[in-house]
Amino acid sequence: MRIRAEVAVVTGASSGLGAEMARQLASAGLKVGLTARRRDELEAVAGTIRASGGTACVAVADAGDREATLAAFGSIARELGPVDLLVANAGVGIGTAARQFSGEAFERMVRVNLIGAGHAIEAVLPGMIRARRGHVVGISSLAAYRGLPGSAGYCATKAGLSALLEGLRPELRRLGIAVTAVHPGYVRTPMTERQSNFQPLLMDVEPAARIILQGIARRKTRVDFPRRMAGLLGLVRLLPDAVYDRLAGRLLLGKAARS
Ligand SMILES: NC(=O)c1ccc[n+]([C@@H]2O[C@H](COP(=O)([O-])OP(=O)(O)OC[C@H]3O[C@@H](n4cnc5c(N)ncnc54)[C@H](OP(=O)(O)O)[C@@H]3O)[C@@H](O)[C@H]2O)c1
């Protein structure tokens, strides 16, 4: 697999999909900057990359903190060189069922999943625009397709992220910068391990990260998987509201809960 980039930064690289994508990007020959809040976990991922002959560095930042994110990207660029691939992956999933709806939980998700991605994008775009090359990747979710009972807040953040990437894409394309929105279904990571909801077609993290990297290598505008689930949800997207409400209520209400 050939990815047309030399220096990648992966946010949320301390566990799950982010850690696995960082390892696979390093195996593909890229220097990788890792950021998240937990230093020990980031160092452990960087250690496995270095042990296999790759190059990695770590910068701790809370994705919701703009100054900390800009500083973390600055220190990675000083150590590894100009960043030409961003994988904005940091994310949290917290249940927002109507009866227990918490504005505080919703704000936390918006701050990391959406605003945090914006901070990371701000950190890399000036350099990419100057160089007229680069690639911005955002890890959204199939949950962006339609608001799901129990996860309305999470779905809203992911729909927002997909719209943000789509809106930037035409302008950035003219500047030589690719944009990829990734919409995964359920992947076995600490996030899904914390949840007790029905998780159809749950995938292991290694093949999931491989699918994402293949999409990045092809500079696809979107990577939606697993295909069967993306196809099904694509049809669900077309359902009239009254039909959707009955179906989603029956299938998901009472079961969906993101912890
Ligand atoms: N697993 C799935 O089924 C699935 C499906 C679709 C989309 N996704 C998306 O994939 C991405 C990765 O999730 P995952 O499944 O790999 O979950 P995970 O293992 O819980 O990883 C989440 C990552 O985000 C980081 N993070 C959380 N809050 C942060 C903050 N305030 N500042 C900086 N980093 C923060 C975490 O690091 P620290 O705690 O160290 O900060 C961690 O590295 C998320 O955006 C998620 O929404 C996951």
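The paragraphs below treat the surroundings of the ligand, then the salt bridges, and lastly the cysteines.

The model is predicted, and the distances and areas given here are computed from it. Around the ligand there are 31 residues, and the closest of them are Arg37, Ala63, Asn89, Tyr154 and Thr189. By residue class, this shell divides into 15 nonpolar, 11 polar and five charged residues.

For Tyr154, the separation between an N or O atom of the side chain and a ligand oxygen is 2.6 Å. Ser14 has a polar side-chain atom 2.7 Å from an oxygen atom of the ligand. In the case of Arg194, a polar atom of the side chain lies 3.2 Å from a ligand oxygen. The ligand taken alone exposes 870 Å², of which the protein buries 95%.

Side chains of opposite charge can pair when their charged atoms come close. A search of the whole structure returns 10 salt bridges. One of them joins Glu122 to Arg66, with the closest N and O atoms 2.6 Å apart. Glu122 belongs to helix α4 (residues 103–131) and Arg66 to helix α3 (residues 66–80), so this pair ties together parts that are 56 residues apart in sequence. Glu122 counts as partly exposed because its relative accessibility is 33%, between the limits of 20% and 50%. Arg66, at 36% relative accessibility, is likewise classed as partly exposed.

Another salt bridge pairs Arg146 with Asp241, and here the closest N and O atoms are 2.9 Å apart. This pair also links distant parts of the chain, 95 residues apart: Arg146 sits in the loop between β5 (134–139) and α5, while Asp241 sits in helix α9 (residues 241–252). Are the two partners buried or exposed? Arg146 is buried, since its relative accessible area of 14% is under 20%. Asp241, by contrast, counts as exposed because its relative accessibility of 54% is over 50%.

A further salt bridge lies within one helix. The side chains of Arg169 and Glu166 meet at 3.9 Å, N to O. Both belong to helix α5 and are three residues apart, which means that about one helical turn separates them. Arg169 is partly exposed at a relative accessible area of 22%, and Glu166 is also partly exposed, at 46% relative accessibility. Elsewhere, salt bridges that share partners join Arg66, Glu67 and Glu122 into one network.

The last topic is the cysteines. A disulfide is a covalent bond between the sulfur atoms of two cysteines. The structure holds zero disulfides. Cys57 has a relative accessibility of 2% and therefore counts as buried. Cys155 is buried as well, with a relative accessibility of 2%.

Key: Residues are numbered from 1 along each chain as its sequence is written. This is a predicted model: local features need pLDDT of at least 70, side-chain atom pairs count only at pLDDT 80 or more; totals for chains, interfaces and linings use all residues. Side-chain values use heavy atoms; hydrogens and water are left out. A residue is near a molecule or strand if one of its heavy atoms lies within 4 Å of it. A polar contact is a pair of N or O atoms within 3.5 Å; within protein, one must be able to donate a hydrogen and the other to accept it, and residues adjacent in sequence count only if both atoms are side-chain atoms. Accessible areas come from the Shrake-Rupley method with a 1.4 Å probe; for residues, only the protein chains shown count as cover. Ala, Val, Leu, Ile, Met, Phe, Trp, Tyr, Cys and Pro count as nonpolar, Asp, Glu, Lys and Arg as charged, and the others, Gly among them, as polar. A salt bridge is a side-chain nitrogen of Lys or Arg within 4 Å of a carboxyl oxygen of Asp or Glu. Helices (H or I, at least four residues) and strands (E, at least two) are DSSP runs, numbered from the N terminus. Buried means under 20% relative accessible area, exposed over 50%, partly exposed in between (1.4 Å probe, protein chains only). A disulfide is a pair of cysteine sulfur atoms within 2.5 Å.
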